[in-house]
Amino acid sequence: MTTAAQRAEYTADEMMSIAAARALGGDRRVFVGIGLPSTAANLARRTHAPDLVLIYESGAIGAKPGRLPASIGDGILAETADAVVSVPEMFNYWLQAGRIDIGFLGAAQLDRYGNINTTVIGEYGDPKVRLPGAGGAPEIAASCGEIFVVTRQSRRSFVDRVDFVTSVGHGRGPGDRAALGLRGAGPTTVITDLGVMRPDPETRELTLTAVHPGVTVAQVIAATGWPLRVAAALGVTPPPTAAELAALRALEAAR
């Protein structure tokens, strides 16, 4: 069991980033979103997955930035990439043709079926908050082999039904992705600052499969805007190692 003193050595955000990085491995091709997904993907490449191929929307393939990029247009991505292609080629040839294994996305809102909102909070015509928008996320969610989502968890962000479906997850349940003609498997892993969720094989509803050290099931349920299902064999995420923390902190210090 992880003690309070041990947990004090790292933050909830650090645990989330490290857990997200651990989900990536091998030489898989990953379409990386800016922010938390980029932190996790670059951490994975610097630690246990040096052959991971990082792909960014601006056309950089095999990017190896020495610091976290500020945006998809950050010059460090092109400077360190194995190749740079045009945006139309990136989407038409690489993404929509199914050549990318994983899409790694963030979310402002996420619902019980893994649908993502990054467009508006509230009514579309009269929103309370207008968010950054879709970018390439809808195509990423539609066409990558599978989708990983990393985001902080609260009742404001984990809602029963998103205010706007920017990127389709599992729609309203089984068969919806196939009915829409979407190529990929959709969200298979959701990593938060509290734990890990995966879709139920039958209902496609997100289910809590692991909690981070020191986090209780009650805390996760309280931070979820729907009656959250909990796996019978609930796991506990291994705490960060000293090497993982050192690599993450070095990466973030070099911003």
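## Contacts, rings and helices in a predicted model

T188 touches E146, I147, F148, M197, R198 and P199, leaving aside residues up to four places away in sequence. Before going further, keep in mind that this is a predicted model. T188 sits in strand β11. Along the chain, T188 and E146 are 42 residues apart, yet in space their C-alpha atoms are 6.3 Å apart. The two side chains are joined by a polar contact of 2.6 Å.

Now look at another threonine, T209, which you'll find in strand β13 (residues 206–211). Which residues does T209 touch, not counting those up to four places away in sequence? They are V196, M197, R198, A231, A233, L234 and G235. With R198, the side chain of T209 makes a polar contact of 3.2 Å, side chain to side chain.

The loop between β12 (195–199) and β13 holds R204. Phi of R204 is near 70°, which is a positive value in a residue other than glycine. For background, most residues other than glycine have a negative phi.

### Rings

Let's turn to the aromatic side chains. The structure holds five aromatic pairs. A pair like this is described by how far apart the ring centres are and by the angle of the planes.

| Pair | Centre to centre | Angle between planes | Kind |
|---|---|---|---|
| F31 and F91 | 6.1 Å | 55° | tilted |
| F158 and W226 | 6.2 Å | 20° | stacked |

Why is the pair of F158 and W226 called stacked? Its planes are at 20°, and planes under 30 degrees apart count as stacked.

F158 has 0% relative accessibility, so it counts as buried. W226, at 4% relative accessibility, counts as buried too, because the cut-off is under 20%.

The charged end of R99 sits over the ring of Y93, 3.8 Å from the ring's centre. R130 lies over the face of Y124, at 5.7 Å from the ring centre.

How do helix α2 (residues 12–22) and helix α9 (residues 242–253) cross? Their axes come within 11 Å, and the crossing angle is roughly 105°. Angles of 65 to 115 degrees count as roughly perpendicular, so α2 and α9 are roughly perpendicular to each other.

Where they meet, α2 brings E14, S17, I18 and R22, and α9 brings E244, L245, L248 and R249. In an α-helix there are 3.6 residues a turn, so residues three or four places apart point the same way.

Helix α2 is largely enclosed by the rest of the structure, because eight of its 11 residues are buried. Those buried residues are E14, M15, M16, S17, I18, A19, A20 and A21. What do they pack against? The partners are α3 (36–46), β5 (102–105), β10, β11 (187–191) and α9. Strand β11, one of these partners, is also where T188 lies.

Note on methods. Residues numbered from 1 in each chain as written. Predicted model: local features only at pLDDT ≥ 70, side-chain atom pairs only at ≥ 80, totals over all residues. Heavy atoms only, no water. Phe/Tyr/Trp six-rings, centres within 6.5 Å; stacked < 30°, edge-to-face > 60°. Buried < 20%, exposed > 50% of the residue type's maximum accessible area, 1.4 Å probe, protein only. Lys NZ or Arg CZ within 6 Å of the ring centre and 35° of its normal. Helix = DSSP H or I, 4+ residues; strand = E, 2+ residues; numbered from the N terminus. Polar contact = N/O pair within 3.5 Å; in protein donor to acceptor, adjacent residues only side chain to side chain. Contact = heavy atoms within 4.5 Å. Axes fitted to C-alpha atoms, helices over the stretch in contact; angles between N-to-C directions. Parallel < 35°, antiparallel > 145°, perpendicular 65-115°, else oblique.
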